[in-house]
Amino acid sequence: MRNVVIIGGGHNGLTTACYLARAGFDVTVLERRRVVGGAAVTEEFHPGFRNSVASYTVSLLHEQVISDLNLAGHGLTIVERAISNYLPLPGGDSFVSYPDAARRSDEIARFSNADAEKIDEFYERLEQVVDVVRDWLLRTPPSLTSLSISELPRLFSLSRSFTRLSATARQDFIRLFSASAGEMLDDEFETDALKALIGFDAVVGNYASPYQAGSAYVMLHHLLGGVNGKPGTWGHAVGGMGSITECMAAEAAGLGVKIETGCSVDRVLITGNAVSGVSLDNGEQLKADIAVAGVNPKLLFLQLLDEHDVPADTLAHFRRYKCASGTFRMNVALSELPAFSARRVEGDMTAGIIMAPSLRYMDQAYHDATRHGFARAPIVEMLIPSVVDDSLAPPGQHVASLFCQQFNPDLGADWESQKEPAINAIFDTVNRYAPNFRASVLGYQAFSPYDLEQEFGLIGGDIFHGRLSVEQLFSARPMLGMGQYQTGIKGLWMCGSGTHPGGGVSGMPGHNAAQAIIRST
């Protein structure tokens with residue numbers, strides 16, 4: 001039986017552990033934090049108030065992973081959003097995104113009949129591209145460096161996926177992987193609120209303007225998921241995001257996986273270009289035939305491996321590897337629900353509440369961050385999971401997740417002095433839309449980009465373990481020649497969000513890495 005050590009007990013590490021244990025491997029998961037789950041955890045952040053601490057909403061978690069790991073059998077329940085998004089607007093109006101296409105069109109028609117007539121055709125075109133990308137989510141990308149005979153089936157399958165698209169869809173495909181979301185949306189629509197609502201996904205976890213080339217793919221990435229078999233939908237995990245990893249850990253334990261928390265790996269031990277084990281920060285060494293890293297690849301290659309074990313060109317690549325989400329994450333305990341002054345609709349507090357009324361607003365937020373360290377008027381998405389899950393807060397009170405952009409990750413430790421001004425900018429932004437917000441705050445937890453790195457190992461505060469740009473996607477994620485989850489060091493593999501198909505709580509990198517390891521042995 002082959003001995004496997006998995007570095008990092010996040011959702012992808014746990015997913016890999018389950019598949020490998022089921023295939024007969026002897027698996028140990030080592031998690032640095034005191035709880036398993038990585039960035040997908042639920043913790044108390046204020047007396048009586050619990051919330052998803054870092055990751056905060058469900059859509060990308062793949063149904064195959066849910067099924068294979070028996071997550072529903074372990075108690076996972078995901079509640080769909082009654083309304084997808086609620087966008088309060090200056091002046092008292094609001095824009096609402098409904099899952100139902102007819103209601104969506106009616107809402108858009110309040111602003112523009114022309115846009116209402118275009119929206120269904122726009123999403124149909126997007127869905128053609130999404131279908132092709134979905135085909136490759138649970139597959140290992142072809143190697144573009146060896147191009148051996150063994151790669152031909154994957155290359156043929158990739159070509160066939162692309163050629164089945166219509167000519168228009170092929171053009172859309174190319175634009176979605178290269179153009180800016182802002183440019184695409186400006187070409188399609190005239191309503192600022194509609195463009196803001198769709199374009200918001202282009203800046204989620206992306207330190208960039210929506211008018212920056214490549215942002216269209218980030219928008220596309222967020223359309224790949226679904227909830228409870230309904231594509232493109234979003235939901236709340238009852239019990240918070242930690243319920244997902246708790247269910248994964250339960251499945252892993254049932255399969256014989258050993259999970260060690262409070263256990264920090266200091267070094268991956270290499271002997272003769274092959275893994276021999278890992279060294280912990282307390283000096284203990286564990287032997288292993290295989291080590292699988294669920295951490296950011298930049299952290300793996302630049303901190304957990306000795307320089308002499310890594311080729312110079314690989315070191316140079318990962319020194320250049322881009323990690324920057326521009327994300328500031330807050331959890332807030334509230335005495336009452338926010339009272340938004342904009343037009344309200346039934347179920348709006350179950351939605352993702354987006355405070356960013358236009359693409360130009362988002363563009364300004366990014367440029368403010370590059371010049372001044374953070375957006376003076378940040379992009380804020382608020383979720384209030386306690387509306388549908390009363391286990392998170394005392395009766396009559398609530399918790400809010402604030403996911404905020406743009407905050408310059410390059411400030412590093414200087415965030416210690418900038419943190420309070422940034423929090424004030426976030427609270428001021430929310431208070432402009434919900435004037436009772438500040439007065440209702442009982443307590444909060446705040447993570448700057450630097451805090452996200454220190455607490456969760458998210459280098460540069462990057463929630464995706466690496467920018468989702470074309471040179472860091474598919475066969476090139478995280479580096480050409482390593483897109484198949486291997487590293488070039490015998491027995492050393494990767495399974496985190498820095499591998500295909502990228503970030504989000506999906507379990508897909510963990511699934512794919514496990515299959516690649518099983519095939520190789």
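Where does Pro501 lie? Pro501 is in the loop between strand S21 (492–494) and helix H17 (508–520).

1. Basis of the note. This is a predicted model, in which local features need pLDDT of at least 70, side-chain atom pairs count only at pLDDT 80 or more, and totals for chains, interfaces and linings use all residues. Residues are numbered from 1 along each chain as its sequence is written, and side-chain values use heavy atoms, with hydrogens and water left out.

2. Terms. Helices (H or I, at least four residues) and strands (E, at least two) are DSSP runs, numbered from the N terminus.

3. Cis bonds. Most residues other than glycine have a negative phi, and most peptide bonds are trans. The bond from His500 to Pro501 is cis, with omega near 5°. Another cis peptide bond runs from Gln405 to Gln406, with omega near 0°. Gln406 is placed in strand S19 (residues 398–407).

4. Asn273. Phi of this residue, Asn273, is near 60°, which is positive in a residue other than glycine. Asn273 sits in the loop between strand S12 (265–270) and strand S13 (275–280). Its relative accessibility is 42%, so Asn273 counts as partly exposed (between the cut-offs for buried, under 20% relative accessible area, and exposed, over 50%, with a 1.4 Å probe and protein chains only).

5. Tyr485. Tyr485 is not a glycine, yet its phi is positive, at about 80°. The residue lies in the loop between helix H16 (449–456) and S21. Tyr485 counts as buried because its relative accessibility is 0%.
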